[in-house]
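Here is a report on one protein chain and its ligands. Take a look at the sequence and the model before reading on.

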Amino acid sequence: MKSLSIALALAAPVHAGLRFGCSSLTIQRLDPVVEPGNAPSSHVHHIVGGNAFNATMTGDVGARATCTTCEMSEDFSNYWTAVLYFKHPTNGSYHRVPVVNNAALAPNTKGGITVYYTPHDFTTDDLKNQPIKAFPPGFRMTVGSPATNSLDQAKGHIGLRYNCLQTLINRGPEMVDFPDRPCPAGIFAVHHFPACWDGKNLDSPGIYNTIRMDGFTNAPPCPASHPVRMPQVTYETVWDTTKFNSMWPSGTPNPFVWSFEGTSGYGTHADYMFGWKGDSLQRAMNKSECFYDGCGSITKQVMTEANKCTVPDMVGEVTDGWLDHLPGMAM
Ligand SMILES: *[C@@H]1O[C@H](CO)[C@@H](O)[C@H](O)[C@H]1NC(C)=O
Ligand SMILES: *[C@@H]1O[C@H](CO)[C@@H](O)[C@H](O)[C@H]1NC(C)=O
Ligand SMILES: *[C@@H]1O[C@H](CO)[C@@H](O)[C@H](O)[C@H]1NC(C)=O
């Protein structure tokens, strides 16, 4: 399975980069990027990565965290997205959709997110002129917005897409909205982040997207306004919708909603809090042999060790099981 999925990815023009799994760390209503200080934040998130995760996060996260659910053991970053819920078509109850790990990840990865850092093809001239620079401590960014509510706006969010999984390794075409029929192996959500930075703002206003196509694509050179070429970060999450498919009568609308009551898929979004320890990400980005599963420049851990990393439940509310309303959403 592993070699097949790498072969699939190789068909895309990606020639170097990291790809690894991070098990699920926590599911709760916190968002230190968009709503710092709010515990709870407005809607539920699925979070992976380091144990410095908190309602407020500032400064050098990589220096503060002591463990991570990621396979790369020097990566104390946090990665999160909204959570997918099933809304029962007749009785209106909600149930959280479980996350399963991507088929090709390290053994014992639990749920989680597949993370990519792609510097692309080291041989191209533009990459020689604009070498990849790792993010600085304190850097954070967000892509997409829960407020996106039209197809045209969603189309404008390049790289925020869905696949209706036919099997865990056969993804089918990318879609802007939720699939309109049951998916045999689940719903795959992908979030590509921009690759250019202004070198000043540690937050989203500092980032700029030069990518004009969905999927894995080499980021074009960065403009003078945002001259720093960063690793291009991508998340993939597999939402296991299969146990809800039988409760979806044909002809009724898609019963899945994002945790902000997002009944269309347009509001999909993702957040990133940089937290690699010291210069570890830069070391990896400097090596063209750092491909997919890492290289001698960075340290890995077995996932049974990664899975021991936890954070406290800081909100203390039920997010799973049958619920009469989504956490944080009025009835
Ligand atoms: C989260 O922040 C609170 C308040 O600042 C602090 O008491 C707590 O130790 C922090 N938790 C972690 C895991 O950093
Ligand atoms: C809705 O249906 C589900 C699945 O049958 C059930 O478990 C849940 O309790 C129901 N909710 C209500 C409010 O009846
Ligand atoms: C990465 O490469 C750049 C450019 O060659 C160099 O200046 C920098 O010191 C390298 N950093 C690390 C951590 O290897």
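The sections below go from the whole chain to its cores, sheets, backbone details and ligands.

## Basis of the model

This is a predicted model: local features need pLDDT of at least 70, side-chain atom pairs count only at pLDDT 80 or more, and totals for chains, interfaces and linings use all residues. Residues are numbered from 1 along each chain as its sequence is written, while chains are lettered from A and ligands numbered from 1 in the order in which they are written.

## Overall fold

The protein chain holds six helices and 20 strands. Both are DSSP runs numbered from the N terminus: helices are H or I with at least four residues, strands are E with at least two. The radius of gyration is 19 Å, close to the 20 Å from the globule rule for 331 residues, so the chain is as compact as a globular protein of that length. That radius is taken over C-alpha atoms, and the rule is 2.2 Å times the number of residues to the power 0.38. Along its principal axes the C-alpha trace spans about 55 × 40 × 40 Å.

Buried residues make up 45% of the 331 residues. A residue is buried if 20 or more other C-beta atoms lie within 10 Å of its own, exposed if 12 or fewer, and partly exposed in between, with C-beta atoms placed from the backbone. Contacts need C-beta atoms, placed from the backbone, within 7 Å. Among contacts between residues at least 6 apart in sequence, 74% join residues at least 24 apart.

## Nonpolar cores

In soluble globular proteins, nonpolar side chains tend to be buried together. Here a nonpolar core is a set of buried Ala, Val, Leu, Ile, Met, Phe, Trp, Tyr and Cys residues joined through C-beta atoms within 7 Å. The largest has 51 residues, and Y79 and Y272 have the most contacts inside it. Strand β8 (residues 113–118) gives the largest share of this core, four residues. A second, separate core of 26 residues includes V44, Y94, V238 and F256.

Y79 touches C22, V48, G49, I113, V115, Y235 and Y272, leaving out residues up to four places away in sequence.

## Two open sheets

Strands pair if DSSP finds at least two bridges between them. One open sheet has three strands in the order β14-β13-β15, with antiparallel pairing. β14 (207–208) and β15 (228–229) stand at the edges with a single partner strand each, so one side of each has no neighbour in the sheet. Strand β13 (residues 196–197) pairs with β14 over two bridges. C196 stands opposite Y208 in β14.

A four-strand open sheet runs β17-β5-β6-β20, again with antiparallel pairing. Its edge strands are β17 (256–258) and β20 (322–323), each pairing on one side only. Two bridges join β6 (residues 94–96) to β20. The bridge partner of H95 in β20 is W322.

## Backbone exceptions

Most residues other than glycine have a negative phi, and most peptide bonds are trans. The A39 to P40 peptide bond is cis, with omega near 10°. P40 lies in the loop between β2 (24–28) and β3 (45–49).

N108 has a positive phi, near 75°. It sits in the loop between β7 (99–100) and β8. N108 is partly exposed, with 15 other C-beta atoms within 10 Å. E261 also has a positive phi, about 70°. Its place is the loop between β17 and β18 (269–273). E261 is partly exposed too, with 17 other C-beta atoms within 10 Å.

## A buried loop residue

T68 is in the loop between α2 (61–64) and β4 (78–82). Is T68 buried or exposed? T68 counts as buried because it has 30 C-beta neighbours inside 10 Å. Leaving out residues up to four places away in sequence, T68 touches G49, G50, S73, D75, F76, A306 and C309.

## Ligand shells

A residue is near a ligand if its C-beta atom, placed from the backbone, lies within 6 Å of it. Ala, Val, Leu, Ile, Met, Phe, Trp, Tyr, Cys and Pro count as nonpolar, Asp, Glu, Lys and Arg as charged, and the others, Gly among them, as polar.

Ligand 1 is surrounded by N51, A52, N54 and V311. That shell has two nonpolar, two polar and no charged residues. Around ligand 2 stand H88, N91, S93 and W322, divided into one nonpolar, three polar and no charged. Ligand 3 has P131, D279, Q282, R283 and N286 around it. This shell divides into one nonpolar, two polar and two charged residues.

Methods. Contact = placed C-beta atoms within 7 Å.
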